[in-house]
Amino acid sequence: MPKLELTLRVNGQNHLVELPANITLLDALRDYLYYYEVKSGCEKGNCGACTVLMDGEAVNACLVLAAQAEGHDIVTVVGLGTQEEPHPLQEAYADLGAAQCGFCIPGMIVASAALLAEKPQPSRAEIRQYLAGNLCRCTGYQKAIDAVELVSQQKPVAEPS
Amino acid sequence: MLSEFEFQSPATLDDCLELMQFQAPGVAPIAGGTNLVVDLRSGRAKPQTVINLWQLSDLAYIRRENGHLAIGGRTTVTQLLNSSLVRKTGQALTESAQKFASPLIRNRATVGGNLADASPAADLAPPLLVLDAQVQLQSKSGTRTVPLAEFFLGPRQTVRTPAELLAEIRYPVPAANTATTFLKLGQRWEDAISIVSVAASLERDGDICQSVRLALGAVAPIPRRAKQAEAVLAGQKLTDELLRRAAQVAASEDANPIDDVRGSAEYRRWMAEVLVYRALTSLIEEEA
Amino acid sequence: MLTPLKIIGKGVRRTDALIKSTGEVAYAADWEMPRMLHLKLLRSPHPSARIVKLNSQPALAIPGVVTVMTAADLPQREVQADIPGQTGTKAHRLGEAPVLAEKVVRYKGEPVAIIAAERLDIAEKALAAIEVEYEELPAVTHPLEALKRGAPIVAGTDNIIQTHRIVKGDIEAGFAQADHIIEHTYTSQHIDHAYLEPEAGVAWLDSNGVLNLRISTQVVEHFRSIAKTLGLPESKVRVMGTLVGGGFGGKEDMTVELFLALAALKTRRPVKLVFTREESVQFSTKRHPYIIKHTYGVTKDGLLTAAKVNLISDAGAYSYLSPWVLLYSTGTAVGPYRIPHVEVNAKSVATNNVVASAFRGFGSYQTAIAYEAQMDEVAKTLNMDPLELREKNYLHPGDTTAFGQVIEGEVWLPQTARTAMEALGEPAPAKPGKKIGRGLASTMTSYGRITWFHDTSEAWVGVELDGSVVIRTGVPDVGAGQVSALCQIAAEVLGVDMDNISIHATDSAVTPLAGTTTATRQLLMSGNATKLASEKVRSVLLGLAAKELDLEADDLDLQDGQVYTKEGPEHLMSLADLAKKAAAQGVPRSYLEMYRAPFSDPIDPETGQGHIWPDFTFGSTAVEVEIDEETGEIRVLKAVGCHDVGRAINMAAVEGQIEGSLAMGIGAALMEDLAGKNGHPQALSFAEYLLPTAGDLPELQAIVLESESGKGPFGAKGIGEPALNSVVPAIANAIHNAIGVRISDPPFTAEKIVRHIRQGTK
C-alpha cells in the first residue's frame, strides 16, 4: 500500500507524517505522533476514550481516517491544559475527585470542553446527554458532572482552539 | 487494523464523481466514517479505493427551496439537530436526530451516510419516509431521483450503484395542519441502536384523517412504510379504537421482525403496536 | 463524634488527580521501546475442539514475522493459576491451566499460538496465514448439563471443580419451627469487567538478564508464576505495575504476562501485547453465572429459623479462582441475618464457556441477589414491611455467622438501611402508564483476604534530609486511590503536607511487596503497614528530638513539617533539621514494617465452621424505579448507597466507590449480559455489551457512615466490593414493588419485564 504524506495539526503544532491510508486518526496520534493521552478503548466509536476536538467539535478519533484529518485543527486534552497551566475543567475534575482510574478522563474532559463552548450554562440533564458518548466504568459520572457544572458557574471558559 | 485501500480526496463534487466512476465498483465514499470505518476494520468492507467526501462542504446544507426542504448528503446529524428549518417542517426528523447514537457520532455521521448504509435500524429513515422524501443520486453519467420508499432493497443494500453519490435528500414541506413525530425503543436511554422505531405524519381536518404516513424501523429487512396500517386510518374518523386497530395492523401485517441479540421478533411486534399507537395519539394531542 | 484527625477524612485532591486530568499518565499501552515487536494471539473459534493441524510455516514466511510460538515450543505447558500472590495455601488439584492449548481447546477464544511481528498489521496478517484445523467436539455449556452422567468432561473426572458446605444446627428442626417456608431459584449472568483500558503490557530483557514486565495488573507477585512457567529464578523476573485503567478483578489473574514473557525471552526483544475490546469482552475472564436455590424458614412473627441454600457456579473451562469464589458464596449465602439452623451446599462446575474468575464481590455478589430477593419474598408472605423484617433479623455485634465466626466491631445495618430508604425522599409522582417502585437491599461483605492465606503487606516510609517524606510500597493502584490514601496516612502521622510526600509504588524488584489489590484488602493491609512504618519513624525521630531538647517525647507533635510541643504550642525545630540530626547521629530515618492480617486455619471441610475473613463491611442500597408498563422500559429515578466504612481516609474517594458501584450495579441489573449461546458470546464489543451512559443514570447518592470500628488504619474498613453487592437486589426488589412481579434472572431487560407482566408472574 502506498504511503501518504500528511500534515496533521495537533494542539497548534504541525506534524509531517508518512503513513498508509488505512490508519485512523487515533492510531496516527498514538503510534506515529505519540499523543498517548488519546486513549484506545474500543476502536469503533462506542466508548469515547479517543475523543478529540476536530475544528472545535468533539469526535471519536478512531472513526476518522488520519488522511481525513489533514487541514483540520485537532485538539487533545493536553491542548486544553497541562500540569503547569491546567484548564479550569482539569482543575475541577482533579479537585472534585472526578477521576478514578482516569482512563476515560482525557476523552471526557475534551467532550466537556466542547459542551461548555457550545452551551456555557448546561443543566445537569444536558451535561448527561452531552457526555453520553463517553463511557466510564469506575465513577458513575457523578463527580464529572459536578465538575462541569462547577466550571459552568465560574467565569466564561475560553473557546478551545 | 483496517483493510488496505487507496485514498483520494477530491476537491470538488465533479472530481469526486469522476473518481467514483473511474474506480467503480471497488470504490467506497467516506464522509463521517461512523459506519464505514467500523466495516473497514471488521473486514466487512474491502474497497480498493476510498474517496473522501468530508471536504465537500458544499454538500452540507439545509435549505428551503420550491416548497421543499433540501438537505445535502454531507449534512451531519448535529447540523440536522440544530436546524430550525428542519424543526419547523419535519419535527420527526429533529426528534430522530436528538436520539441518534451519541453526540460524538452525531458530529460526524451524515444524512447521506446513514441512508446509504441502509441498516434496517437506520434512525433517519423512518422520519424521511413519512415526509415523502426523495433521494438524489448523482454520478458522472447524470442525476436521478428515487423516492426514499424505493431506495432500500434489503439489509445494507440500496439502489445506489458504486459510482453514485447520495448527494441530496429532499421532502415537500408538509401542509400547515400536519404534525410529525418519531419514537424509538432501545436497550438503554442514550446511544442505543433501535429495537423498534416508528415515525408518523398526520394531517387532520378536525378529527378526520386527511392523510397519514407511518414508517417502521428495525422490524423488517428495510425501513419502510406501514401501508396496511395507513389504509386503516386514511380518510377515517380518528377514534381511539381506530388508532388501536391501526397499531395492531402495523404490528401484525406491516412489521416482519427477526430475533436478534437486542430483542425477539415477538417483543418487536408488541412494541411496534405500542409505539405506533403512542405516536398517533401524541400527534392528535399535540395538534389539539 | 469522630476522633479528630488532621487530614484523614478530608476529600483532598488525590496525588494522581491532576496527572489524570491532563492526560499525562502513561498506562500500560502508552509505551514503546526500540526494536519492539507486536504480539497477537491466535485463538480458538470453537468452544470445544481437538486441534488437528497447526502449521506456523506460512506465517513465518511473511516478512516481518519474527516468531510464532505454540504449546510445543513452551518450556512448561501449564501454569498454576490459583491464588495469585499468596503464600499460606496449597495449590488446588485442578489449579493448573494451559498457557497455550496443546491438543484440545476448551473454550472459545482459548489462546493457541503467539505471533510476534515488527508491526501490528503484520502480526494480524500472520494470524490469518497460520494453517490451523479443528475437529469440533461436543461442548457442554450449562453447569446443570455438565453435571449429568455422560456429559463431555471439561475438568477432572466429573466437571466438579470444587464443593463447599456449611452445616450449622439442625436444618430439619429449623424448618419444623417455621410457620412459612419460602423457596425460589435465582440465577445470574456472565458479566464482563468492561474496564475502559483493555488488557495491555510490554516486556523486555534488561542488561542484567532480568525479565521486565510493565503491565496493567492488580498483582505484581505474579513474577513468581512467570518465573516458574519460564524456568527462571524468581529473582530474575520483575513486574512493574502501571496505574491500572480499571481492574475489578479482571486483572487479578495473569492476562498478557505469560505471552509477553515467552516472546521476550524467545526473541530477546521488547514485546507489546494489547487486547482488542472484542478479545476483552468475549474471551477474558468473567463473573461466574450462578444458579441459587434458596429456602428460608420463618415464623409468623418474622424471625428466620432456617436457611438452606444450594449454589452452583459456572466456572468455565478452567478452574482459576473458582474454588475461592465459591467459598465466598458459601460463607455469604444466607445473608447478614441471625439464623440458628443453616445448610449450604455449593458446587463449582466446569463447562466449555469462557473462564469465570475474580470479579468485584467475588461470589458474595451473586448470593446477595438471592438472599435479598428472598427477604422481600418473606416480607410479602408475612405482609410485613421489608425494612421491618430485616431489622428483626439483622446480625448484631458479637453474633456468630453461619460458618461460626464471631462478628467483631459495629454492625450498622439498621442505620444504613434506614438512612438509605429515607434518602429516597418523597415518592416520585405517578404518571399514567408508569409504575413507581422502591427497593432496599442490605449486605455484609468481607474486606481482607481469607485468613488462612496468612496475608501480609509491607511498606517502607522514610524522611529525607529536607523534611520531605518517601513511601515505597508494592501496592497496585487500580483507580480507587490506593496510592494516594497511603500518602494521606503518612501525612497524618508525620504532620507533613501531601505535596511533600513522594510515593514509589508497584515494582516487584524495588518496592516492598504489599500483596494483591483485590479482596478489598489494600487499605487494611497496606494502610496499616504504612501507618505502622510512619509511626515507627515518628516515634524514633520524636525520641531523638526529646533527647536533644530534654523534653518528653509524649509532649511533642509533628505538624506542617515542624516539631512542636503539644502544649502551647511552641515551635521547636523543622522536621528537616530533625532529619539532618538523625542522619548525623546514625539514627534511622526510615522503617520497613509488615502488617499481618489475622491468621487462622482453614474451615472444617464437612461443616464449614471456622474463621474465614478478618472483618466485614455492612451497608445498604435503596433505589426508586419507574417502569413503563407497556414497553417494560425501566428508568432508575433515585439510587442511594449508604455504608459504614469505619473511617473514610479520603471522603471523595469513598463516595466515588459508592457512586461507581451504583452505576455498575445498575448496568448489571438492566443491560449487561455476555449472552452466551452454545459457548459463543453474542455480545462481541461495546455495541452489544452495554454499559450505562451518563444519560442512563440518575443522580447517584453516596452516604458515608463511620463507626470507626474497622481493623484498618484509624478504624477504617474497606468499601470497594461492599458497595456493589446490594445494588442489583435493590433494583430487583424495586421492580417487584412496582409491578408485583419477581424477576429472578438479571439482567431485567424491558423485554423480560413485559413478558412477566403479560404472564402475570408473581
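1. Let's start with one pair of side chains: Glu699(C) and Arg128(A) come together in a salt bridge, with N to O at 3.2 Å. The term salt bridge here means a side-chain nitrogen of Lys or Arg within 4 Å of a carboxyl oxygen of Asp or Glu. Between chain A and chain C, the count is 9 salt bridges.

2. Before going on, keep in mind that this is a predicted model, where local features need pLDDT of at least 70 and side-chain atom pairs count only at pLDDT 80 or more, while totals for chains, interfaces and linings use all residues. Residues are numbered from 1 along each chain as its sequence is written, chains are lettered from A and ligands numbered from 1 in the order in which they are written, and side-chain values use heavy atoms, with hydrogens and water left out.

3. Back to chain A and chain C. Here 48 residues of chain A are in contact with 58 residues of chain C (contact means heavy atoms within 4.5 Å). About 4000 Å² is buried between these two chains, and carbon and sulfur atoms give 52% of that. Buried area is the accessible area (1.4 Å probe) that two parts lose on being put together, summed over both.

4. Polar contacts turn up here too: 32 residue pairs across the interface of chain A and chain C, both residues at pLDDT 80 or more. A polar contact is a pair of N or O atoms within 3.5 Å; within protein, one must be able to donate a hydrogen and the other to accept it, and residues adjacent in sequence count only if both atoms are side-chain atoms. Among the elements giving two or more residues to chain A's side are helix H1 (25–32), helix H5 (105–118) and helix H7 (142–153) of chain A. The largest share, 6 residues, comes from H4(A). (Helices are DSSP runs of H or I, at least four residues, and strands are runs of E, at least two, numbered from the N terminus.)

5. What does chain A bring to chain B? The contact takes 31 residues from chain A and 27 residues from chain B, and the area buried between them is about 2500 Å², 61% of it from carbon and sulfur atoms. Asn22(A), Leu63(A) and Gln68(A) supply 24% of the area that chain A buries against chain B, more than any other three residues.

6. Across that interface of chain A and chain B there is 1 salt bridge; Glu43(A) and Arg41(B) meet in a salt bridge at 3.3 Å, N to O. There are also 7 residue pairs in polar contact, both at pLDDT 80 or more. On chain A's side, S4(A) gives the most, with 4 residues. That side divides into 16 nonpolar, 12 polar and 3 charged residues (Ala, Val, Leu, Ile, Met, Phe, Trp, Tyr, Cys and Pro count as nonpolar, Asp, Glu, Lys and Arg as charged, and the others, Gly among them, as polar).

7. Which residues form a salt bridge with N and O atoms 2.5 Å apart? Those are Arg238(C) and Asp507(C).
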